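Good morning, colleagues. Please look at the chain on the screen, and I will then take you through its main features.

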Amino acid sequence: EDGETLFELGISLATLGRDGEAFELFQRAVKTAPNALFAPRAHELTSYITNDNIGAAETYWTHITEVLSPRASDILDIKAAYSKAMDLRDDEVEEARSLLGRITAHVAQYYGGNLKLREEWLQDEKFPFMHSRSVYGSGLGEDYSCACAGKELLDTVEECALTIAVETGRFDPHPYSRFGQQLLLALRSIPDLCVFVMNPPSGGDWLPSDVGEAWPPEFDRVLMQMPLWPTQQTAYCPDIVFRASSPVDTEPHPCARTKTIVYAHTEFRRASTAMMRQLSFWNETSDAVRLVVPSQWAAAGFINEKINPDIIRILAPALPLPPPSKKDAKALRKQRGWHKSDLILLHIGNMHGRKDGLPEVLEAFDRTLEWFEEVFVPRCTAEGFVCPKALKLVLKEDSPVRGETKEAEEILELLSMEGIDMEGHLEAGRVEYIEKGFPPADSLALFGAADLYVSPYKASAFNLPVLMAAAAGTPVIVTRGGVTDDTTSPDFALYIESTKAKFTDPVMGEAYLLEPNVHDLQKRLQFAVQNATWFKAAQSAGATYAREKFGPGVMMQRLVSILGEVVHEGERSGSPPGSVEGGGSG
């Protein structure tokens, strides 16, 4: 290996923010040419990355100890243990070290973190922990410390038909981690499986959610109790490693017998190379690695990257929670001050971005409002239902990145550029912006409390909120031509005409999105408002469809099929369940 080339490549990766990979290259460069001219700079940069890692670890620690509620404090109060360890560090080093070791184990089990004690923790006054690895470092393969043959070393393995290790963030809000959390809950329900967790690198924007923030508390408690892979002792290597974390790691497991499944998705029909380490690697290792995606749309992006369709399988996420009761939905309407005669349009999305179609929602609402107040309300004489007297748009933030949630004032400033009197709409109560996230139960009730869910999205790998609305008995309006063509039905969905647009992205290159037609969205809104018969039928049809097509049992059946296919590689013929269509394209 040429040291100077390694150093220059490290510089390039550091510029992209991929510090873990850069760190490894700087170390290799110095080892290759310790006396080269670049060596002092390489040492300086590795020191900088280390200090940056310490700072990130301290931010993570502050978050879990000051922001989140304590977890399993009856087992160990990590704040008290940390204070005691710092008091003991000068006189009782081994006791302090033992306490800090217990803290890292507790954080790994109950928060999904991967802190480790720094070797220099006694020599300086810096924070004693650092992250054990960077998000953009090497994968977790070498951390398994497992024997590739012989099951006798893992106590529980004889009871298991399969041993599966899932690499995912059990409490992270990242979409890949959310899928991984569903995956863990599904796997533990399958008989004769031994399921373990490997914590991926943590920190950065993807800090853990609080208990009950994303799932009901009982779900989080189950995730806390999932056993970690025993990395500190040699064990039988897992039969399958299932990765659901970002950035995507496509390296096969070091044990050739272990099968590797990787979950990933694309939204713009191209894969983001910043997230993919070795895309072309899939075709070279197709006997060892399988790619799982949530939809045909998501698969198309990988096919456009020349990934072999034969190694891709579709595993759609399940509806994460049961639909809300009518009682809960009515209670939320009352709590929010929504009258029976208010027709509530709901849009949930990332308010700082544009792929969820927020500008289109606002423009169509602004146009429909005038028609509603001046034409529809004066003429509404329908029998059998209450004529709506007011049209209200409810916007709810759904950014998974902590710190990106906008306050109402920021949203007002952001959307004023769209030429819409947002201030007037907000003051008059025609538009309502929900600033803070609801607990899961209230979020579910919000889907049921709305009368119509509107999603003129431009790009999405699955668009789960659409199905959650349908499951709650709320009809939907969605973009035609995208992923919801496969996940909805005309029985409860109205489709917005769209055109496919090509654009150039600095990371993805040539990519694609949908441009929903605002005039057509306005037409769909007017149709839904006027057609009480369609509304009633759509409410029932959507709930039935969502339950039958995307209930937890459906995901489990598909998961079992994929696991069986991977384990019995080469023993089957024909197209297995969940196969993708072979065509890529825009």
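Helices (H or I, at least four residues) and strands (E, at least two) are DSSP runs, numbered from the N terminus. Let me also state the basis of this talk: the model is predicted, local features need pLDDT of at least 70, side-chain atom pairs count only at pLDDT 80 or more, and totals for chains, interfaces and linings use all residues. Residues are numbered from 1 along each chain as its sequence is written, and side-chain values use heavy atoms, with hydrogens and water left out.

I begin with the overall picture. The protein chain has 19 helices and 18 strands. Of its 586 residues, 54% count as buried; buried means under 20% relative accessible area, exposed over 50%, and partly exposed in between, with a 1.4 Å probe and protein chains only. The accessible surface comes to about 26200 Å², and carbon and sulfur atoms account for 49% of that surface. These areas come from the Shrake-Rupley method with a 1.4 Å probe, and for residues only the protein chains shown count as cover. Contact means heavy atoms within 4.5 Å. Among contacts between residues at least 6 apart in sequence, 71% join residues at least 24 apart.

Next, the sheet. Two strands pair if DSSP finds at least two bridges between them. An open sheet of 6 strands has the order 5-4-7-8-9-10, with parallel pairing. Strand 5 (193–198) and strand 10 (312–314) are at the edges with a single partner strand each, so one side of each has no neighbour in the sheet. On average, neighbouring strands of this sheet are turned by 25° against each other, direction ignored; the axes behind such angles are lines fitted to C-alpha atoms, for helices over the stretch in contact, and angles run from 0 to 180 degrees between N-to-C directions.

Strand 4 (residues 162–168) runs parallel to strand 5 and is joined to it by 6 bridges, and Ile-164 has Val-195 as its bridge partner in strand 5. Elsewhere in the sheet, 4 bridges join strand 8 to strand 9 (residues 289–293), again in parallel. Tyr-263 has Val-292 as its bridge partner in strand 9.

Which residues touch the most other members of the largest nonpolar core? In this core of 146 residues they are Ile-103, Leu-187 and Phe-242. Such a core is a set of buried Ala, Val, Leu, Ile, Met, Phe, Trp, Tyr and Cys residues joined through side-chain atoms within 4.5 Å. Helix 11 (residues 358–379) supplies the largest share of this core, 9 residues. A second, separate core of 12 residues includes Ala-22, Leu-25, Phe-26 and Leu-45.

I turn now to individual sites. Ala-445, in helix 14 (residues 440–449), is buried at 2% relative accessibility. Its C-alpha atom is separated by 6.6 Å from that of Leu-332, 113 residues apart along the chain. Helix 15 (residues 464–471) has 7 of its 8 residues buried, so it is largely enclosed by the rest of the structure. Just after helix 15, Gly-473 takes a positive phi of about 85°.

Finally, two loop residues. Ala-72, in the loop between helix 3 (39–67) and helix 4 (78–88), has a positive phi of about 50° although it is not a glycine. Lys-306 lies in the loop between helix 9 (296–303) and strand 10, and its phi, near 75°, is also positive. At 65% relative accessibility, Lys-306 counts as exposed.
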